[in-house]
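Me: I would like to go through this model with you, one question at a time. Please give the cut-offs behind each term as we reach it.

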Amino acid sequence: MEMAAGSLLEVAERRRRTTVGKLDRKQQAEMGQFFTPSSVAALMADMFGRSSKNVRLLDPGAGIGSLTAAMLQRLLNEKRTPELVEATAIEAEPSLLPLLSQVHADCAEAAKRQQTRFVGDARRADFITTAVNWIQGAEWGGAPAERFNRIILNPPYRKIRSDSDERRQLRSVGIETSNLYSAFVALCVKLLEPAGEMVAITPRSFCNGPYFKSFRRMLMNDCALMHVHLFEARNEAFKDDSVLQENVVYHVKKRKQPYKTVKVSVSQSGNGPTISTHSVSSASVVNPVDSDKIIHLVTSAKEAATAETIGALPCSLATLGVEVSTGRVVDFRAKTSLRADPGKDTVPLIYPMHVNTGRLIWPQPGGRKANAIVERPETSDLLVPSGNYVLVRRFSSKEERRRIYASLVEVGELPADKVGIENHLNYFHAGGRGLEPALARGLAVFLNTTVIDSFFRQFSGHTQVNATDLRILRFPAAEQLEKLGRAVGGSIADQRAVDEAANDLIFHSSSIGKASA
């Protein structure tokens, strides 16, 4: 029986569900590959612009071919369908090749009925090796590299060891990255012809942080960002595979010059309706003067204004003479030195539980965590001098009310000349010692503003707040911070007081003020 073009995705989806049910979940996790639901595949395919007469499509890490099916269905729905669609699908898992080949056969049948020729090439191969060979022209003895004008991908998610063969191959073509998903995307950028388009769904983690800096620079320097789609619920896009990564879909074109605006859309899940769609300036997504190419995923004009306001603040931490580090005490490594209660030979040990209210509450007897650490030669490197510190919890989640929780620890609050800070906290300091009191208070207030919390969420998809993430923030001048601290006084945990003072003294913007109300 012939298959109607409109049922391509339905058939692929039935095969996907059957395949997922038979998979060894442990092996699947080790491979880092998760199959694309038809709703997400359709969303991705719909992002592409109008096609040319001849489409050369690449689907790396193709699985059973859901993305290829979605892309062909999208092409066949156009007023002017392409004359030829050449689809190359790369898949390393041999058990998936028969299903992938069948999807290609379905695609050929559907295309034929609309006078389009579909040529499918389903290859069992390692994509990194294949792509590197294409880029180097090795397969044809120096022939030009393979190129595609459309690439659609849901790459595997897995870390790459620095001494692995995969890392060596990537370096041979100028790619330095630590995860398979960013490696796949980087290779695809190199395989994309000028003005070609790519749509990918990956974890959001590449948007910031040092591990993906080289990848971001390559992606943003070689491609123009056109459309970004976010999911409000981070466990919905691949719920059949129990994936809890916060994912993002992005559409880019191979060109050096960025567009003036970027489209940003949001849905609750992969199969839910779009909640909002906005166009924001490219400069508010990636600051043109930011060498790290941090990507701010702004979903409204208000968020764009927030990004521009924070980006215009005059100081970095270095300018202020401030540093931020991760707490030195890793409790399981210092287990023999930890004490439930303070004693004569101990100094205070601060955990996140001690600083959840914006102020220090120490000790907390009867809890699961220690309140003290023994001061002796083997713990001396784990301690810092008692002083004025601003502490920020490292771990939070998208679902929590806030992402950044800043608390103040002041001189005299602790009965010792040294203190231990546990590894689940970041601490702001001046060369390893405490900050000036007025600066510490102002810094804590500033970090607790709703504006900063909202801004941080724009570029951080992590479930933790790393010291590196805090280092890239811009800050007011020291005198402004000190004035802010004086204005709030002891009301550091009062969100309304914090936001009102910051809006009056720092942000000076009605749109920002409304954002933080």
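Me: Which residues line the second largest cavity?
Reply: This is a predicted model, in which local features need pLDDT of at least 70 and side-chain atom pairs count only at pLDDT 80 or more, while totals for chains, interfaces and linings use all residues. Residues are numbered from 1 along each chain as its sequence is written, and side-chain values use heavy atoms, with hydrogens and water left out. A cavity is a set of points, on a 1 Å grid over the protein atoms alone, where a 1.4 Å probe fits but cannot get out, and lining residues have an atom within 4 Å of a point. For the second largest cavity, the lining consists of I350, S386, G387, Y389, L391, V409, E410, G412, E413, L414, V419 and I421.

Me: Which elements give two or more residues to the lining of the second largest cavity?
Reply: Helices (H or I, at least four residues) and strands (E, at least two) are DSSP runs, numbered from the N terminus. By that naming, the elements that contribute two or more lining residues to the second largest cavity are β15 (389-393) and β17 (418-421).

Me: What is the volume of the second largest cavity?
Reply: The structure holds three cavities of 30 Å³ or more. A volume here is the space filled by probe spheres set on the grid points, which are joined across faces, edges and corners. For the second largest cavity, that volume is about 60 Å³.

Me: Which residues does L219 touch, not counting residues up to four places away in sequence?
Reply: L219 is one of the buried residues of helix α9 (residues 213-222), and what covers the buried residues of α9 includes α8, β5 (192-203), β6 (223-231) and β7 (247-254). Taking contact as heavy atoms within 4.5 Å, and leaving out residues up to four places away in sequence, L219 touches V185, V189, M198, F206 and Y250.

Conventions: On a 1 Å grid over the protein atoms alone, a cavity is a set of points where a 1.4 Å probe fits but cannot get out, and a pocket is an open set with protein on both sides within 12 Å along at least five of seven lines; lining residues have an atom within 4 Å of a point. Buried means under 20% relative accessible area, exposed over 50%, partly exposed in between (1.4 Å probe, protein chains only).
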